[in-house]
Amino acid sequence: MKANITLLPGDGIGPEIISETVTVLETIAAKYGHTFNFSERLMGGCSIDKFGSSLTDETLADCQSADAVLLGAVGGPKWDDPKAKDRPERGLLALRKGLGVFANLRPVKVHPALIDSSPLKPEKLKGVDILVIRELTGGLYFGWPKGRDIKDGRERAVDTLEYYDYEIRRVMELAFSLAKGRKKKVTSVDKANVLETSRLWRQIAVQVGAQNPDIELEHTLVDTASMRLITGPAWMDVIVTENMFGDILTDEASVLAGSMGMLPSASLGAGSVGLYEPIHGSAPDIAGKGIANPIGTILSSAMLLRHSLGLEVEAAAIENAVGETITAGARTADLGGKLTTKQMAAEIISRL
Ligand code: NAD
């Protein structure tokens, strides 16, 4: 297979973890007879510095014409001024919108050898294997009107929570289709006791559930879901929720795996170019030290092979190599070890 992959290393530790992941993908290409062409672009703070824009039209066009996009992370204190006219995160939101990726998939699995790295009691973590699906291009982060003004002599801020039926239906259908290959259980998370958008969310969940009688559907309020993620995560399988609830719950779920550095994500749409990135940020506190854990990005590249290129065997090979590496005791600093980013990647590559 020949595939064009656009790389957006971004800021902070982004370039460090992306370069190691490219080595992993090149190893896979050599082993299985594929050709991956990489084209690297600036996005985020580095793009603001060079071009005055967090996402240029050229970079977006390059991503749109690729087979898949692999992103490191964006942001950092240098670009944190709330009054700045552009910010790294704006580029990320524009990229997601521009690619039409409406669903963010975050698998959370707890490796048995890392159970002690999590703050939760070991007995709560046994068997945890969750797929959180977050709606990515609607809801409170995009609704209009949005802004600040003075009303009746008082300073006011407004955000709008808005969902159309089709936005909910497409992410719900994706959740049910992915649940078929798993434990056949979907937990739809909403706040239907308070929010009108959540009542529409629940109504559509019921409709899609009726079309998929082989899948068990349950509804959970977001406050209950956040509690159950900590008190009994092992009973959950596929969780599907709207943009802001998903933003918060996915970070909470990441704690189960022991380190932010471990977890991958995929952002997908119907027929769109997939966007793959670790769930963590640019980690400015450790950037440039060569000690970042590359596993979240390496596992994101496995998702890229599976979801965008249909290379299931190759994806599983990377996931198995990561699992064996952890079992063998290899650890970066975030997991209490001493390996550098390069050494951890080399351990994984040696098992491919
Ligand atoms: P962060 O995820 O960057 O870091 C949180 C903590 O986890 C830090 O102590 C960091 O050192 C550690 N960490 C994160 N990834 C790691 C890895 N791979 N290996 C080892 N340790 C790791 O979150 P933050 O500090 O809140 O944010 C830093 C910047 O990243 C901010 O500018 C934020 O806006 C941005 N951010 C970007 C994204 C993204 O690009 N998708 C996501 C979240 C935050």
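Which polar side-chain atom lies 3.2 Å from a nitrogen atom of the ligand? Keep that in mind for a second. Quick heads-up: what we're looking at is a predicted model.

Okay, the answer: that atom belongs to His280. Backbone atoms turn up around the ligand too. Ser282 has a polar backbone atom 3.1 Å from an oxygen atom of the ligand, and Asn293 puts a backbone N or O atom 2.9 Å from a ligand nitrogen. As for how covered the ligand is, on its own it exposes 810 Å², and the protein buries 68% of that.

So who's around it? The ligand is surrounded by 20 residues, and the closest are Val74, Glu89, Gly281, Ala283 and Asp285. Sort that shell by class and you get nine nonpolar, seven polar and four charged residues.

The largest nonpolar core has 80 residues. The members touching the most others in there are Phe36, Leu105, Ile130, Ile133, Leu256, Leu305 and Ile318. This core takes at least three residues from domain 1, which is 1-102 plus 270-352, and at least three from domain 2, which is 119-257. There's another core apart from that one, with 15 residues, including Leu8, Val69, Leu95 and Leu275.

Let me zoom in on one residue, Ile130. If we skip residues up to four places away in sequence, what does Ile130 touch? Among its contacts are Pro107, Val108, Leu229, Pro233, Met236, Ile239 and Leu256. Arg106, Arg182 and Asp237 are on the list as well.

That's my tour, thanks!

Conventions:
Residues are numbered from 1 along each chain as its sequence is written. This is a predicted model: local features need pLDDT of at least 70, side-chain atom pairs count only at pLDDT 80 or more; totals for chains, interfaces and linings use all residues. Side-chain values use heavy atoms; hydrogens and water are left out. A nonpolar core is a set of buried Ala, Val, Leu, Ile, Met, Phe, Trp, Tyr and Cys residues joined through side-chain atoms within 4.5 Å. Buried means under 20% relative accessible area, exposed over 50%, partly exposed in between (1.4 Å probe, protein chains only). Domain bounds come from an automatic or database domain assignment. Contact means heavy atoms within 4.5 Å. A residue is near a molecule or strand if one of its heavy atoms lies within 4 Å of it. A polar contact is a pair of N or O atoms within 3.5 Å; within protein, one must be able to donate a hydrogen and the other to accept it, and residues adjacent in sequence count only if both atoms are side-chain atoms. Accessible areas come from the Shrake-Rupley method with a 1.4 Å probe; for residues, only the protein chains shown count as cover. Ala, Val, Leu, Ile, Met, Phe, Trp, Tyr, Cys and Pro count as nonpolar, Asp, Glu, Lys and Arg as charged, and the others, Gly among them, as polar.
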